[in-house]
Amino acid sequence: MGTHHVRPANAPPFAAQLARSNELLAQTAADLDEPASPILLASVPPTWDIDTDTYDGTHPNANGEHQLASAFAEAMYQGWELGGEYTP
């Protein structure tokens with residue numbers, strides 16, 4: 001899962017660096033993924049909101065933690081057929 005926080009909204013050069021970092025993370029995960037040691041990335045939850053899901057614009061609060069857990073559970077279920085839908 002890439003990094004998202006409030007700084008990109010206020011600093012376009014940083015936002016560009018962050019976007020590039022997330023691209024490189026996805027590319028590296030794809031390059032290193034192999035059957036003996038699988039790697040997958042979770043997507044940012046579609047309802048993620050830095051104003052309501054973090055306590056400081058960066059770190060998740062209790063609601064944000066549940067959303068992130070749901071995203072990881074969904075990724076593992078879709079990618080590896082492990083588990084199922086996350087319910088807090």
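Me: How do you know that the span of H4 agrees with what a helix of 19 residues should have?
Reply: The expected span is 1.5 Å times one less than the number of residues. For the 19 residues of H4 that gives 27 Å, and the end C-alpha atoms are 27 Å apart, so the two agree. H4 itself covers residues 62-80. Before we go on: this is a predicted model, in which local features need pLDDT of at least 70 and side-chain atom pairs pLDDT 80 or more, while totals for chains, interfaces and linings use all residues. Residues are numbered from 1 along each chain as its sequence is written, and side-chain values use heavy atoms, with hydrogens and water left out.

Me: What makes a stretch count as a helix, and how many helices and strands does the chain have?
Reply: Helices are DSSP runs of H or I with at least four residues, strands are runs of E with at least two, and both are numbered from the N terminus. By that rule the chain has four helices and zero strands. Read from the N terminus, the order is α-α-α-α.

Me: Why is Thr54 called buried?
Reply: Thr54 has 7%, so it counts as buried. Its place is the loop between helix H3 (50-53) and H4. Across the chain, buried residues make up 19% of the 88 residues.

Me: Which residues does Thr54 touch?
Reply: Touching is contact here, meaning heavy atoms within 4.5 Å. Leaving out residues up to four places away in sequence, Thr54 touches Trp48, Asp49, His59, Pro60 and Asn61. The side chain of Thr54 also reaches the backbone oxygen of Ile50 at 2.5 Å.

Me: What makes the link between the side chains of Gln67 and Thr47 a polar contact?
Reply: A polar contact is a pair of N or O atoms within 3.5 Å; within protein, one must be able to donate a hydrogen and the other to accept it, and residues adjacent in sequence count only if both atoms are side-chain atoms. The side chains of Gln67 and Thr47 are joined at 2.8 Å, so this pair qualifies. Gln67 is found in H4, and its 13% relative accessibility makes it buried. Gln67 touches Pro45, Thr47, Trp48 and Asp53, again not counting residues up to four places away.

Me: Which other residues of H4 are buried, and what do they pack against?
Reply: Besides Gln67, the buried residues of H4 are Gly64, Leu68, Ala71, Ala73 and Ala75. The buried residues of H4 pack against H3.

Me: What is found at the two ends of H4?
Reply: Asn61 caps the N-terminal end, with a side-chain oxygen 3.1 Å from the backbone nitrogen of Asn63. Just after H4, Glu81 takes a positive phi of about 55 degrees, in a residue other than glycine. Glu81 has a relative accessible area of 69%, so it is exposed.

Me: Why is Phe72 called partly exposed?
Reply: Phe72 has 42% relative accessibility, and that value puts it in the partly exposed class. Phe72 forms a nonpolar patch on the surface with Met76, Trp80 and Leu82, and together they have about 370 Å² of accessible area. For such a patch, residues need over 30% relative accessible area and no salt bridge, and nonpolar side chains (Val, Leu, Ile, Met, Phe, Trp, Tyr) are joined within 5 Å; like charges are joined within 9 Å. The areas come from the Shrake-Rupley method with a 1.4 Å probe, and for residues only the protein chains shown count as cover.

Me: How do you know that Arg20 forms a salt bridge with Glu23?
Reply: A salt bridge needs a side-chain nitrogen of Lys or Arg within 4 Å of a carboxyl oxygen of Asp or Glu. In Arg20 and Glu23 the closest N and O atoms are 3.3 Å apart, so the pair passes. The structure holds one salt bridge. Both residues lie in helix H2 (residues 12-32), three residues apart, about one turn of the helix. An α-helix has 3.6 residues a turn, so residues three or four places apart point the same way. Arg20 is partly exposed at 43%, and Glu23 is partly exposed at 46%.

How values were computed: Buried < 20%, exposed > 50% of the residue type's maximum accessible area, 1.4 Å probe, protein only.
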